[in-house]
Every structure is written in structure tokens, then in C-alpha cells.
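Please look through the notes below with the structure open beside you. They are numbered so that each can be checked in turn.

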Amino acid sequence: MAETLHNWVRVRAMMPPGHVRTPSYLRGKRGQVERPLGPFHNPEQLAYRLKADQQPLYRVRFSMAEVWGKDAENPGDTLDAEIYAHWLEPCDAP
Amino acid sequence: MGGQNAGKIPLEGHDFALWEKRVDALMVLCSSKGYFTVDGLRRVLEDMGEDSFETMTYYERWVAAINQNMVEAGAYSLHELGTKMAEITARAETYGEASGG
Amino acid sequence: MPHDHHDHSHEGLSPSGHPYRADNDGPLTYWQTMEIAMRELLIEKGITTAAQITARIEEMDRRSPADGAMVIARAWTDPEFKALLLRDGSAACKSMGFEPGVLRLIAVENTPDVHNVIVCTLCSCYPRNLLGLPPDWYKTRAYRSRVVKEPRKVLAEFGLILPDAVQVRVHDSTADMRYIVLPARPAGTEDLDQTALADLITRDSMIGVGVPSQPTAQPTAQKTVTKAAR
């Protein structure tokens, strides 16, 4: 999947157990790719001493409104996090 | 973790104890020697569960996590570890004496 | 702010010159026993040596926020370096002789419109190679869970109140990047050199829970002398 700068992406809402590195509070949320970071070894495999595939990693920017809804302290503030490609799917702008 | 309710952030810090600095050193050395990755450490820390934040200090959780990773890496066996820990406990009653300073 | 590490003849003190916490004389705990056991086993098996461990402790003791402050001070005074820092933080640190380690450093810039703050919600990752060991509060569950949801309230607890017009950007270092905030240069510092500027840059300002100190006001006469001396 070719996420490029400013593309809208959604974090997959799945909830597997174990070491997945995608914070729970971002599951299902939409953000924009702030910058691609290049390929990195998949931490889900490294964490269990398995041979790890390379996965593209992205910095994704979320608005606090998107993440916390009406509970957002200040809706225009943002949250940036590094998310692996296999956790992201393209989506429409909100 | 992110977004959970929590109280005031305690701002006072503590000076590092020697044993804590040693834990930190072992973490850096053993990971740089390829025995585990930071991901392995994080996984073990997560598996300890939320309660571990209440019952263990930061460096207690880290020495437990490093040890778990080293055991999984085959650096030493649980038998060797248990034997050594028993010997140390019998050695002395304070950290300073048991660790030789 | 920076400490002088002149010599290491510190009786009963750590290599950084600070007294160890009294734990050395406290009753031996289970986890301390584990640390001793692990260390001795690893040395016996030749995986590491006592000298390596001591060297590593001394290496970490040498790192302090003063290193990061020097990087920031250079960015404030050298536009090309600032551009490099923002483009490739690791390369910028290396160019100043600071070894950033294998992980990538990303510098995020505070502007009149944007204030950045750093956290690692998943564990407590921190740019240790540049700033030294993180403060205790950075590693607490309270900071890690709250700063991503109510950053302004958290910053207020640190004494930093931001107007609504300033956007707060929280960075959660979830993967392998490490972050440092490039704080805004305080007004009234035009006459200060890099060393004096570095003294204003606090650890908290590089994490984002604070801003750099204000320069102390100088008497007019001194200021005139300084200018004339150039």
C-alpha cells in the first residue's frame, strides 16, 4: 500500500493480544501521513524472537478531536505516532 | 495505557541507586550484544500487566524483563539462576555486602 | 547546569560525583538479588565483563541534558545546522560529536503557533544518548496515560500555560524514533554566545513540559562595555 504524504489513513480496529506496538487509543482512528520513515523490522516478530519481516513505518498525525471525540481537551491539538503499514488502510478524509 | 485516567504526576525524582545503574548498563550491553531487542523488553513488560506498576518499581520491572529475555535467549538456565540467587541471598543481608560493593 | 567531571576519585560517590542512594545499605531485595545473579552469571560465562559494565555506567553518567542543550544552542545560532537538525536529527548530533545511537532522532520545532511535547506511552523511550537518563516522572503511568489526552492540563501541572491559539502537538514515540523538542529561543538573547544560550535550555524544555529560562537582565553599563569590546 503506497501511503504518501498527507494521505488519509485509518488505523485498523483489530484487538489482538500480545505485543503489537499500535496503541489501543488509536485503533480505528483516522489521521494523515506526516512522513514516511522507511522500512523497519516488524516488532511483533522481534518481540517473540522470530525472524522479522520489514514493514514500512509511517508517522501519522491525528487530531485530538478524532482520537477523543467530545472528551478532547482542545480539538485542534494533535497527536503524532509511528504506525506500521500493516496496521493502516486508506480512507476518505473525515 | 494512553488516555487512561490517572492522578497527578509525581514530580519529585530520586537519585539512582548503584543496582539500578547496573540494571540499566546490562540492558544496554545485552541488547547491543544481540541477546534481545527493545521489542522483547517491551513485550515482557506489557505481559507483566498493569498491576506490576503498583507492586514493583521501575527498575524492578526492568530487571525482571531483562532477565526474562536473557533466559529466553538461552544465556543461562533457570537452574543456574536459581542456584546463584540462593547463594547470593545466603551471602549477606545488604546489597552492598552481597554484591561486593 | 553542566557538571564538571574532572576526576573520578570519588569516595563513596558515583562516577558522576553524586552520592548513591542509601539502598546499598538497605536489606537485600529479591530483585536486587536477581541483578547480582544475572550480572555474575553473565561475567562467568564471558558474555560481559565487570569493566564493561562499569564503563557503561560511567558512559551514561557522562550524558546529561547539557549535551542536548549544546545542540539546541547551535541550532539557534546556525541556520544551516538548524535545517540539518530538523531534516536529520541523528546526522546533526553526529556532526557535533554526539553519538545518537542506532535509533533515529527526530527534532520537532516549537514556533509561535505550535508547542511540542514528547511521550512514550508504550514503555518510556527517551533520547538517552543525548539527554541522559529520563526523569522519574516521564516514566510514570500518570504522565504516559494523561499527556496524550489532556496535554494542556499536564503542562499546567509543570507550570506551563499555553494560550488556545497555540496548537499543542503530542508525539508518542511508539516505534524506533527518539524525539527532542527544539524550543523557541527566548527574546532578549541576541547578545549571548552559544555557551550562555545552552545554560538557558532546560531538560524539560527539550521534552516539552517547559520552556527555556529567560536570560537574567544585565545592568546597562555592563551591556555597553560588552558591545564596545567587540
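1. In this predicted model, chains B and C touch each other: 49 residues of chain B are in contact with 48 residues of chain C. On the chain B side, at least two residues come from each of α1 (18–32), α2 (38–47), α4 (58–72), α5 (78–91) and α6 (95–98). The largest share is that of α1(B), with 10 residues. By residue type, the side of chain B that touches chain C holds 27 nonpolar, 11 polar and 11 charged residues.

2. Chain C is assigned two stretches as domains: domain 1 covers 23–62 and domain 2 covers 65–207. Between the C-alpha centres of domain 1 and domain 2 of chain C there is a distance of 31 Å.

3. For C:Asn116, the bridge partner in β3(C) is C:Arg169.

4. C:Pro186 sits in the loop between β4 (177–182) and α9 (194–200) of chain C. Is C:Pro186 buried or partly exposed? C:Pro186 counts as partly exposed because 17 other C-beta atoms lie within 10 Å, whereas a buried residue needs 20 or more.

5. Which residues does C:Pro186 contact, leaving aside neighbours within four places in sequence? They are C:Leu200, C:Pro212, C:Gln214 and C:Pro215. C:Gln214 is 28 residues away from C:Pro186 along the chain, yet their C-alpha atoms are separated by 6.3 Å.

Technical notes. Residues numbered from 1 in each chain as written. Chains lettered and ligands numbered in written order. Predicted model: local features only at pLDDT ≥ 70, side-chain atom pairs only at ≥ 80, totals over all residues. Pairing = 2+ DSSP bridges. Helix = DSSP H or I, 4+ residues; strand = E, 2+ residues; numbered from the N terminus. Domains from an automatic or database assignment. Buried ≥ 20, exposed ≤ 12 C-beta atoms within 10 Å, placed from the backbone. Contact = placed C-beta atoms within 7 Å. Nonpolar A, V, L, I, M, F, W, Y, C, P; charged D, E, K, R; others polar.
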